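Q: Could you take me through one part of this predicted model in close detail? I would like to see how the side chains there sit against one another.

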Amino acid sequence: MHTAHWFAAGLTAALFTTAVAIAAPGGAGHHHGEMGPGKAGDTSTASRVIPITLTDRDDGAMRFFPERVEVRTGEQVRFVLRNSGKVEHEFVLDTPANNAAHKQAMMADPAMAHDDPNARRLAASASGEIVWQFTAPGEYEYACLIPGHYEAGMRGTVVVR
């Protein structure tokens with residue numbers, strides 16, 4: 001019984017530590033301020049609107065349309081998001097490495113809500129937007145990190161020149 005008690009205490013501590021790491025401000029996948037692709041933009045100075053449709057099909061495929069976007073360094077854009085699918089989806093804009101780490105956090109907490117400057121979670125038929133300023137050239141990723149969605153094809157690329 002003594003061994004079982006220590007095992008349960010260790011498991012509880014491990015779960016608590018993981019939950020705090022995931023939920024803490026600035027934790028896995030949650031960014032405030034400037035990050036790889038840039039920073040939250042100013043809605044009054046967004047230079048163009050880029051509509052993004054989030055969708056799923058009966059065959060299990062999930063996609064963003066368009067799957068590739070090109071912007072200029074310094075440009076501020078308004079991503080207008082529309083979930084035309086039958087299930088909940090999200091749009092998370094980040095580096096591929098940060099999205100990979102965030103995807104792992106989402107495996108532990110699939111119900112993790114997103115309403116961050118670089119991420120929105122949308123119910124079926126819902127809409128939202130993100131205004132973003134791209135401050136550094138490179139290739140970045142937008143993805144749905146709800147478990148299984150990325151693997152079903154729900155990712156896109158932003159090329160900043």
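**A close look at the aromatic cluster**

A: Happy to! Let's begin with N118, which is found in the loop that runs between strand 7 (115-116) and strand 8 (119-122). With a relative accessibility of 0%, N118 counts as buried, because the cut-off for that is under 20%. A polar atom of the N118 side chain lies 2.8 Å from the backbone oxygen of L93.

Now for the rings. The model has 5 aromatic pairs. One of them joins F64 and F91, an edge-to-face pair with 6.0 Å from centre to centre and 90° between the planes. This pair links distant parts of the chain: F64 belongs to strand 3 (residues 62-65) and F91 to strand 6 (residues 89-94), 27 residues apart. F64 counts as buried, at 0% relative accessibility, and F91 is buried with a relative accessible area of 0%.

F64 also pairs with Y142. Their ring centres are 5.2 Å apart and their planes lie at 80°, so this pair is edge-to-face. Because F64 lies in strand 3 and Y142 in strand 10 (residues 138-143), the pair ties together parts that are 78 residues apart in sequence. Y142 is buried, with a relative accessible area of 0%.

Stepping back, F64, F91 and Y142 are among the members of one aromatic cluster, which also includes F79 and F134.

Notes: Residues numbered from 1 in each chain as written. Predicted model: local features only at pLDDT ≥ 70, side-chain atom pairs only at ≥ 80, totals over all residues. Heavy atoms only, no water. Helix = DSSP H or I, 4+ residues; strand = E, 2+ residues; numbered from the N terminus. Buried < 20%, exposed > 50% of the residue type's maximum accessible area, 1.4 Å probe, protein only. Polar contact = N/O pair within 3.5 Å; in protein donor to acceptor, adjacent residues only side chain to side chain. Phe/Tyr/Trp six-rings, centres within 6.5 Å; stacked < 30°, edge-to-face > 60°.
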